[in-house]
Amino acid sequence: MSRRIVVLFIINSLAAGGAERQLTELCRNLDKDRFDIHVAVFYGPGNGNLGDLWPEMAALPGVRLHDLRKRRGPLGYLVTLPRLAALILRTKADILHGYLNGNLPALLLGAILRRRVVWGVRRSFANLGALDRLSLRLLAIRIRLARFTDLMIFNSQASLSNHEALGLKGTRTCVIPNGFDTDRFRPDADLRKAQRTAWGVPEDALLVGIVGRLDPVKDHSTFLHAAARLSRDLPQARFVCVGRGDAAYAERLAQLAATLGLEDRVLWTGVSREMPSVYNALDALALTSIDEGFPNVIGEAMATGVPCVATRVGDAALLVGDLGHTAAPGDAEAIHRGLLHLLTEGPEERRRRSLACRAHLVERYGVKTLAHRTGTHLLEILEPPVAPRGQ
């Protein structure tokens with residue numbers, strides 16, 4: 001009987017982000033009889049509060065966490081890469097699976113130590129104008145080096161297509177959409193009431209949320225402009241922004257909200273560890289990003305029965321389907337119209353839409369499907385199969 005295959009995931013941190021959440025769900029659901037799972041994190045808890053998901057990941061049976069204690073800045077890699085190499089040798093890792101900033105280190109050490117290398121690609125990079133010079137250079141480097149990987153897993157068809165248009169070639173690729181824990185994310189009237197009470201939101205208010213880090217790529221300014229329009233049509237409308245970001249940028253957004261007359265209508269909650277409660281509290285969710293791959297927040301909201309209005313970025317439109325509304329990036333008026341339509345439906349129509357949103361997610365995007373497809377592709381790159389120890 002062959003031994004378990006050792007997979008070492010390499011990621012920047014376990015912050016409360018979409019990629020980090022998907023990695024946590026993947027590690028939770030991969031077949032532990034086939035895979036011995038390790039997760040190496042450059043920045044563990046205590047490094048700028050980037051360990052939101054660390055306790056959850058650490059509690060998963062069959063998963064071992066490793067803090068590489070990287071120092072900030074490029075020079076930090078001079079110490080961290082030798083630590084990572086030692087970890088690869090110590091764990092006898094067969095596959096190095098990078099996520100985000102873990103992709104290039106995985107490729108470098110995979111080449112040196114002769115390990116299989118998988119890249120997890122989470123962004124579409126459709127809007128190159130939004131990238132700074134360093135980000136553009138790193139993207140060009142990744143495109144050139146991608147052919148040396150054994151497998152690239154994209155979480156959206158849009159991301160794969162965009163990378164191919166940028167010159168990606170010569171490597172094995174596949175698309176595995178994100179998976180969602182539809183047992184965790186489900187409608188719950190008690191959670192709705194408790195979260196609204198905690199936020200001070202009346203039960204009869206129409207609550208619209210945006211969930212994501214406070215970052216220009218999420219385009220909160222378009223959300224706020226749409227919210228200002230909506231508040232004129234629906235005086236009972238309230239808004240919540242769930243996520244954190246750079247303090248100066250957050251202050252600019254708060255000032256914009258005040259300028260638009262929204263200061264008493266918008267809540268800024270920071271990161272929440274109780275996302276099922278957050279989604280249950282909402283009547284609609286908006287995603288106004290200018291770039292995405294396969295947005296987790298839409299899947300989690302729809303699994304909870306919350307309809308969405310989203311910009312047509314990444315595979316967002318595919319995920320929303322005809323159960324919500326889509327708009328071009330930056331089109332605050334279209335976001336406003338979509339939300340207005342959802343929030344002014346009759347009770348029975350809203351109930352049917354909610355049930356349809358959840359059914360759509362349960363049928364197509366479960367976490368078991370994510371884990372099964374990923375495990376299958378990981379096994380395929382091990383040719384010949386891993387032999388038992390001692391042979």
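This is a predicted model: local features need pLDDT of at least 70, side-chain atom pairs count only at pLDDT 80 or more; totals for chains, interfaces and linings use all residues.

User: Which residue in strand 9 is the bridge partner of L207?

Analyst: Strand 8, residues 206-211, runs parallel to strand 9, and six bridges join the two. L207 has its bridge partner in strand 9, and that partner is R238.

User: What is the handedness of the β-α-β unit made by strand 8, helix 8 and strand 9?

Analyst: The helix of this unit, helix 8, spans residues 220-233, and the unit also includes strand 8 and strand 9. The handedness of this β-α-β unit is right-handed.

User: Through which helix does the chain cross from strand 9 to strand 10?

Analyst: Strand 9 also pairs with strand 10, residues 266-270, in the parallel sense over four bridges, and V240 has L267 in strand 10 as its bridge partner. The β-α-β crossover from strand 9 to strand 10 is right-handed, and the chain makes it through residues 247-259, which are helix 9.

User: How many of the six residues of strand 9 are buried?

Analyst: Strand 9 comprises residues 237-242 and is mostly covered. Of its six residues, the number buried is five.

User: Does F148 count as buried, partly exposed or exposed?

Analyst: F148 lies in the loop between helix 5 (133-145) and strand 6 (151-154), and together with L134, L138, I141 and L145 makes a nonpolar surface patch of about 410 Å². Buried means under 20% relative accessible area and exposed means over 50%. Because its relative accessibility is 48%, F148 counts as partly exposed.

Notes:
Residues are numbered from 1 along each chain as its sequence is written. Side-chain values use heavy atoms; hydrogens and water are left out. Patches are made of residues with over 30% relative accessible area and no salt bridge: like charges are joined within 9 Å, nonpolar side chains (Val, Leu, Ile, Met, Phe, Trp, Tyr) within 5 Å. Accessible areas come from the Shrake-Rupley method with a 1.4 Å probe; for residues, only the protein chains shown count as cover. A salt bridge is a side-chain nitrogen of Lys or Arg within 4 Å of a carboxyl oxygen of Asp or Glu. Buried means under 20% relative accessible area, exposed over 50%, partly exposed in between (1.4 Å probe, protein chains only). Two strands pair if DSSP finds at least two bridges between them. A crossover is right-handed if, with the strands pointing away from the viewer, the path from the first strand over the helix to the second runs clockwise.
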